[in-house]
Structure formats: C-alpha cells, structure tokens
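Have a look at the sequence and the 3D view first, then read on.

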Amino acid sequence: AAAAHGLTPRELQVLRLVAGGATNRSIAAQLVLSERTIDRHVSNVFAKLRVSSRAAATAYAYEHDLV
C-alpha cells in the first residue's frame, strides 16, 4: 500500500509513528536513528504525500488506510 503512495518501508514506519503522536525525538529513540535522520524522513514523507504538517500527514495516513 505504501509503495502506491511513493513511500519507502522506513518512511511508512515513520509515518505510522507520527500518526500515533510520536515526536521526532521519540521516533529516533525507537528506531535507533539520529533525530536528524528522522527529520529527513518526515520531510520526505510530507513531500511525497504533498502535505505540510504532521496533522495533515496523520489525516492522509488514516484516509488511505496506511495506519
């Protein structure tokens, strides 16, 4: 499903955590990645989904059954 939206498996994972209300810091800790890497993933998700906020990304994820 994520591939249809242009997301990589990692970006989908990050999107699901964002949709769950996690901060970039907590996502980084959970995935054992740097906060900067998560910032980049979030930016890529926003660009690919053509949204500009975490709320819009969350709404998109629920509307398209990505969570």
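## Where the charges sit

How many Å apart are the mean positions of the positive and negative charges of the protein chain? The mean positions of the 8 positive and 5 negative charges are 6 Å apart. In this count, Lys and Arg are positive and Asp and Glu are negative, while His and the chain ends are not counted. Each charge is placed at NZ of Lys, CZ of Arg, CG of Asp or CD of Glu.

A word on the model: it is predicted, so local features need pLDDT of at least 70 and side-chain atom pairs count only at pLDDT 80 or more, while totals for chains, interfaces and linings use all residues. Residues are numbered from 1 along each chain as its sequence is written, and side-chain values use heavy atoms, with hydrogens and water left out.

## The overall fold

The protein chain has four helices and zero strands, in the order α-α-α-α from the N terminus. Helices (H or I, at least four residues) and strands (E, at least two) are DSSP runs, numbered from the N terminus.

Of the 67 residues, 40% are buried. Buried means under 20% relative accessible area, exposed means over 50%, and partly exposed lies in between (1.4 Å probe, protein chains only).

## Two salt bridges

Side chains of opposite charge can pair when their charged atoms come close. A salt bridge is a side-chain nitrogen of Lys or Arg within 4 Å of a carboxyl oxygen of Asp or Glu. By this rule there are two salt bridges.

One of them joins Lys48 and Glu11, with 2.8 Å from N to O. This pair links distant parts of the chain, since Lys48 belongs to helix H3 (residues 35-49) and Glu11 to helix H1 (residues 9-19), 37 residues apart. Lys48 is partly exposed at 38% relative accessibility, whereas Glu11 is buried at 4%.

In the other, the closest N and O atoms of Arg25 and Glu35 are 3.4 Å apart. Here too distant parts of the chain are linked: Arg25 lies in helix H2 (residues 24-31) and Glu35 in helix H3, ten residues apart. Arg25 is exposed, with 61% relative accessibility, and Glu35 is partly exposed, with 35%.

## A closer look at Glu11

Which residues does Glu11 touch, leaving aside its neighbours within four places in sequence? Glu11 is in contact (heavy atoms within 4.5 Å) with Gly6, His41, Asn44, Val45 and Lys48.
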